[in-house]
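Please read the following points alongside the coordinates.

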Amino acid sequence: MILLFVSLFSFSVNSNAKSITLGWAAWDPANALQELTKEFTAETGIEVNFEFVPWPNFADRMLNELNNKGKTFDLLIGDSQWIGAGAVYGHYVKLNDFFDKEGISMSDFSPATVYAYSTWPKGSENYYALPAMGDALAWAYRKDWFDRPELRSEFKKKHGYDLGVPANWNQLHDMCSFFQGREIDGQKRYGAAINTERGSEGITMGVTAAMYAWGMEYENPNKPYDMEGYFNSPQAVEAVEFYRKLYEDCAPPGHSDAYMVANLDAYKSGQVAFQMNWYAFWPGVSKEDSGGRVSGFFANPKQNVAAATLGGQGISVVKYSDKQDLALEYIKWFARPDVQQKWWDLGGYSCHNDVLNSPSFPTSTVYAQGFLDSMGIVKDFWQEPTFVELMLPMQEAIHDYVVNGKGTAKGALDKIIEEWVEVFEADGKL
Amino acid sequence: MSVKKKFKGLSDKAVGWLFIGPTVLLLLAINIYPLVYAIKMSFTNFYANKIGREPQFVGLKNYIKVLNKEAIWEKMQVTASFMFWTLLLQAIIGLGLALLLNRKFKGNELLTTLIVLPMMLSPAVVGVFWTYLYNPQVGLFNYVVNFFYDLGSFDMIGSSTLAPWAIVIVDTWMWTPFTMLICLAGLRSVPNYLYEAAEVDRASKWQQFIYITLPSVLPFLLLALLFRGIENFKMFDMVVELTSGGPGSATELASINLKREAFEKWKTGYSSAFAVILFVTIFGFGNVYVKVMNKIKER
């Protein structure tokens, strides 16, 4: 009995000595990474344990861990907006020296992703993460319905142009409302499953897809944190009003607190013609096309400008980890072009130029070209260390206006600025 | 000296302390210390996520800020309305069910068990499955309502008019059995001879209810409402799962707002002040309520 206990104990000590833990959100790409990592373990003998947290709790769980200087994670694939807090509060290891030593060059990665996922202050050459998972908000649609001659001719008769990938948000609205309440194959269908979630970041990610396309800027480019007239510009107001119209005219009933999974469910169950979601989900959606469903994908439509909401994450080494050397070894392995190619092949979105610039890349999947297009036009929410404090008032005010129908778009944006000024003042930025 | 002898020499008081000592220590560690620490923090500008930034003493600034913030009063109004309607409905329905189950009929025990089931469930689970029941397309709730009265498609948790009622309905469904059980205990403690004497005096059933049943069961009902009031003032999990405080902030109760300020925005000093205000409010109301309840009992 004692021998058994000793041998079990020594096994657990041995396994811990060469293992690291990686934290990420629980979603399709995480499974692909788990699969990919088997090769790392085979090459190095280092076991990688994974802790995947569902999206609604992801930020709470990870940020609490970092704020408490927790040692649970050695590696963290954290959201792009966390980079400010990761750097300023010292949660992430600065990787410049390591990159120099190992010959990892940030110029090998797509510039938009390096800017968004790795640098703090923004645009500097201080790197706190390796771009791990490129992502942006995009759209999937029921191509099989779009190809039906009777629907095509009816749409053309009504709107004077062809049913297809919308060239702008007005066309998107035309198409979504065309399907709203329409009976197809004996079932009632709806227009679009869009982001309306209240609790974390859902509705903000959705509405900014419209606001960016209308040309909204968060602040005066010449005077940081000066938001009046930029964030609540007439274009921004129009975009928010449009998003509400899209929700009222085209969302399925009960779609009032919906984000990634709810949008996927609405689409997969055949309720809607369009869904707004992250590229990360398109491999799964494409693979699961069956029973006549054919999915098409397109980048966020432009309105006044071409723009898309940035998603995606970089991989960082947690400062409080006792196994930073092993964690860095993982990053070194993950940065290799051959590993990046496998990452894309398995369903992850590589940010490495060798993968993205390969001549075969745009045709490698039906959504690859859209991904390339999107990554050239992405814009992100504030990446300030106080980003959660900035996110919460936006969630509340936008949800109140779009879903609840309370007040005006201008009033909602003014209220957000008011709260943001308070946050920046408390943070000493204003 | 042997252990046996040592304990033999202990006074009754010492043995008493020996028994309650661990509990007192635990209470001090997990209740009193955090409370004192929160009170201390409420006078500072502490942010728990801003590592290395020393908290500074700011006096009553956080309290003034909380009390002057319009949004806080909106949350308090939402909380007060939620409490009023849930307590009212739970008192009426709970007492009604208790009166029903106090009668002897076939299947009484089975019915009691079935009625009590909802309060055995986890509030978070209840919140999640009611989101499905409220679904305008496939939800059972909407189907049942439309079966009796055709309202067409309506979204209980997506409308600011209906969402506050959505949380009231779920809380009432879940916790009315609790009020019912306490009232039932009260009803079963009423001696039968009172009713027999009333019968002799030719009192009607209504008079028996007003002059015997209600006064006897009232202290029990008030006690149940005190427990439910305290719980509903702190209500968090069920509402978060059901509406996330939305749409907008239509169902954002004070406790949900407090959690967002404390553990999402990390405004530790400010949220400590808010927590202290909530604590004083519920403690104050609780004390007044207990005094009123005791007076009713004495009558």
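1. Chain A has a mean pLDDT of 93, with 96% of its residues reaching 70 or more, where pLDDT is the predictor's confidence in each residue, from 0 to 100. Over residues 6-15 of chain A, however, the pLDDT is below 50, and this stretch has one contact in the model beyond near neighbours in sequence; two residues are in contact if their C-beta atoms, placed from the backbone, lie within 7 Å. Where pLDDT is low, the predicted coordinates should not be read in detail.

2. This is a predicted model, in which local features need pLDDT of at least 70 and side-chain atom pairs count only at pLDDT 80 or more, while totals for chains, interfaces and linings use all residues. Residues are numbered from 1 along each chain as its sequence is written, and chains are lettered from A and ligands numbered from 1 in the order in which they are written.

3. Chain B averages a pLDDT of 92, and 97% of its residues score at least 70. For the complex, the predictor gives an ipTM of 0.78 and a pTM of 0.86.

4. Between the chains, 19 residues of chain A are in contact with 22 residues of chain B. On the chain A side, the largest share, six residues, comes from helix H18 (residues 387-402), helices being DSSP runs of H or I with at least four residues, numbered from the N terminus. That side divides into six nonpolar, seven polar and six charged residues, with Ala, Val, Leu, Ile, Met, Phe, Trp, Tyr, Cys and Pro counted as nonpolar, Asp, Glu, Lys and Arg as charged, and the others, Gly among them, as polar.

5. The domain assignment of chain A gives domain 1 (15-135 + 311-371) and domain 2 (137-309 + 386-426), with bounds that come from an automatic or database domain assignment. Their centres, taken over C-alpha atoms, are separated by 28 Å, and 17 residues of domain 1 are in contact with 19 residues of domain 2. On the domain 1 side of this contact, H3(A) gives the most, with three residues, and the classes are nine nonpolar, six polar and two charged residues.

6. The axes of helix H11 (residues 234-250) and helix H19 (residues 409-426) of chain A come within 9 Å and cross at roughly 115°; axes are lines fitted to C-alpha atoms, for helices over the stretch in contact, and angles run from 0 to 180 degrees between N-to-C directions. Ala236(A), Val237(A), Val240(A) and Glu241(A) in H11(A) meet Ala409(A), Lys410(A), Ala412(A) and Leu413(A) in H19(A), and these contact residues divide into six nonpolar, no polar and two charged.

Terms used: Helices (H or I, at least four residues) and strands (E, at least two) are DSSP runs, numbered from the N terminus.
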